[in-house]
Amino acid sequence: MIASQETASKGQHIRIRIKRSDGPGKPSYWQAFDVPREPGANIISCLQWIAAHPVTVDGEKTTPVVWDSGCLEEVCGACTMLINGGVRQSCSALISDIAPNDGDEITLEPMSKFPVIRDLWVDRQRLFDSLKRVQAWVPIDGSYSLGAGPKESPDKQGTRYTLSTCMSCGCCLEACPQYNLEEDESQWPTSFIGAAAISQARLFNEHETGKQLKRERLDALMGPGGVSDCGNAQNCVKVCPKEIPLTESISAMGRATTIHAITSWFRR
Amino acid sequence: MASGPDTKPTLTPAQIQRHFLLRRLHSLTGLVPIGVFLVVHLVTNSSLAWGRFALRGKGEGLTVAEGGVKYFQHEVTFINESVPHLLLIEITLWVSIAFHSILGVVYATSGKSNLQRYPHQDNWRYTLQRISGYVGILFIFYHVATLRWGWTFLIPEGTKWSHSFSASTLAAAMQGSTEGFTIFGVAVSVLYMVGVTALVFHFANGLWTAAITWGITISAKAQKRWGIACAGLGAGLMLAGWSSLIATMTLDYDEAHLIERQMFIEKYGEAEYEAYVEQKGIETADPQPEQSTGSGGGE
């Protein structure tokens, strides 16, 4: 792969077609840009080049294309978009892999399940709200030291480690047929929560201190838009860039909510 | 980025529990009673194909088709005359099917299929599960309305199903007449083939997803193993369903009627038979001259 990057010859171009939009609620339109091939290029570096040279293939001067990015090493999730129709992070999408030949075309689109702010930049607030919905944290805030926490078993740590690699990028939601664009924020608390937050609820329920909020998390997952709204298309696990076993988390939370529902019915 | 609203759910515990209960009841009704009934129903029907071999000594001299009619009629009579609380069982089924159908449509319309972008096998089944549900609702309605509730205007030539002449009247309803296939009969038969296939798929795939929903198969490996088991069950039910359909579509009305006639007369006598076919408007067939009504007929 490195060899092919270094031998990328001068004068070669890739054509990038981008689905653009000037602002929230504005209509979308397509523009294409020819970008010179550089060794080691990724989608982000191509977008940087376009920002510096905002001229379409028709020679028309246009506004720079807007996108979101952060870490540039596939751990923050901010630069997630549709690349040739597939959802993934643009920082780890190398040009030498996805467009190896001169004149190859790449299409870029913003994720379709979140409101577009501009061009390729979307507002993933609903995803962050869903983490609040299941209280995806360890409750240790207080005014005095609580001392050491309970012992964690290596077994559970192993399970939790994989779940903890979730970066809230939204790939699983983009691919999910049950998770659809909802512009009305008041509908978010009862719309399908999606695989990411279900898996995070499992992560913190498996944590010896985090499990203090277990019942609250399960209540949240039992309601409208909770884990039972999953349709088992299993697209989430196939597009997850961190290979998190999301469908296992969904089933695990299915079991936990089943037991929780029965025990709380008898507890009332 | 816009700051979100307070995302603490504003739902009452009762609302949360009701949502969960409806979802789980939707899953449960698909398994019991609907799924269990489907298995029993298809296995019973398939005796039209293999009943000759279940008759053992009593099937001597009968062809496979004739033996099938005899065994099937025997089973239908047993269900109608010996199963207790039959109407209660039926009502439970109708209510369960209506509940599962109505909620199923509500749930199915909450999703948006995206097969074009994600053409995975699992995603195919997600979409097919919904399509087969819609097909299944229409088919079950037609099936029950015509054969159980007697809405004969929906059947070509208005053939009414009778549980005492089960195989012959079923063949007439599916073939379109008592004389063999008509163009309407072809349409009804195609509907049955599509409907049975859709419902068997819906049940087998539903059995697989139910194990995830209830949290029985958690690991991906367990889901795969259970998937193979469900596919095996589905294949078996498909075989049962299709063999009974083929047996019905190839059945000769007169031949079947004569066997059922003999069984009816053995049980109730000749006068009852005449009165019954007259009252129900069942088309009779002339017995072959050499055919006797059996040794026990004179009691």
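## The sheet of chain A

Two strands are taken to pair if DSSP finds at least two bridges between them, and helices (H or I, at least four residues) and strands (E, at least two) are DSSP runs, numbered from the N terminus. In this predicted model, local features need pLDDT of at least 70 and side-chain atom pairs count only at pLDDT 80 or more, whereas totals for chains, interfaces and linings use all residues. Residues are numbered from 1 along each chain as its sequence is written, while chains are lettered from A and ligands numbered from 1 in the order in which they are written.

Chain A holds an open sheet of five strands with mixed pairing, in the order 2-1-5-3-4. Strand 2 (28-36) and strand 4 (86-89) of chain A are its edge strands, each pairing on one side only, and the twist from one strand to the next averages 30°. Strand 1 (residues 13-21) and strand 2 of chain A run antiparallel and are joined by nine bridges; one of the residues involved is A:Arg20, whose bridge partner in strand 2 of chain A is A:Tyr29. Helix 2 (residues 43-52) of chain A packs on the sheet, where it touches strand 1, strand 2, strand 3 (80-83) and strand 5 (105-109) of chain A, two residues being in contact if their C-beta atoms, placed from the backbone, lie within 7 Å. The direction of helix 2 makes about 95° with that of strand 2 of chain A; axes are lines fitted to C-alpha atoms, for helices over the stretch in contact, and angles run from 0 to 180 degrees between N-to-C directions.

## Chain A and its domains

The secondary structure of chain A comes to ten helices and seven strands, and its C-alpha trace spans about 70 × 40 × 40 Å along the principal axes. The domain assignment, which is automatic or taken from a database, gives domain 1 (2-121) and domain 2 (124-267) of chain A. The C-alpha centres of these domains lie 32 Å apart, and their contact takes 13 residues from domain 1 and 16 residues from domain 2 of chain A. Strand 4 of chain A gives the most to the side of domain 1 that touches domain 2, with three residues.

## Where the chains meet

Across the two chains, 39 residues of chain A are in contact with 34 residues of chain B. On the chain A side, helix 4 (125-133), helix 8 (214-222), helix 9 (235-239) and helix 10 (246-267) are the elements that give two or more residues, and helix 10 of chain A gives the most, with eleven.

In helix 8 of chain A, the buried residues include A:Arg217, A:Leu218 and A:Asp219, a residue being buried if 20 or more other C-beta atoms lie within 10 Å of its own, exposed if 12 or fewer, and partly exposed in between. Their cover includes helix 4, helix 7 (195-205) and helix 10 of chain A, together with helix 1 (13-45) of chain B. Helix 10 (residues 270-280) of chain B, by contrast, lies largely in the open, because the number buried among its eleven residues is one.

## Confidence

Chain A averages a pLDDT of 94, with 96% of the residues scoring at least 70; pLDDT is the predictor's confidence in each residue, from 0 to 100. Over residues 1-8 of chain A, however, pLDDT stays under 50. Where pLDDT is low, the predicted coordinates should not be read in detail.
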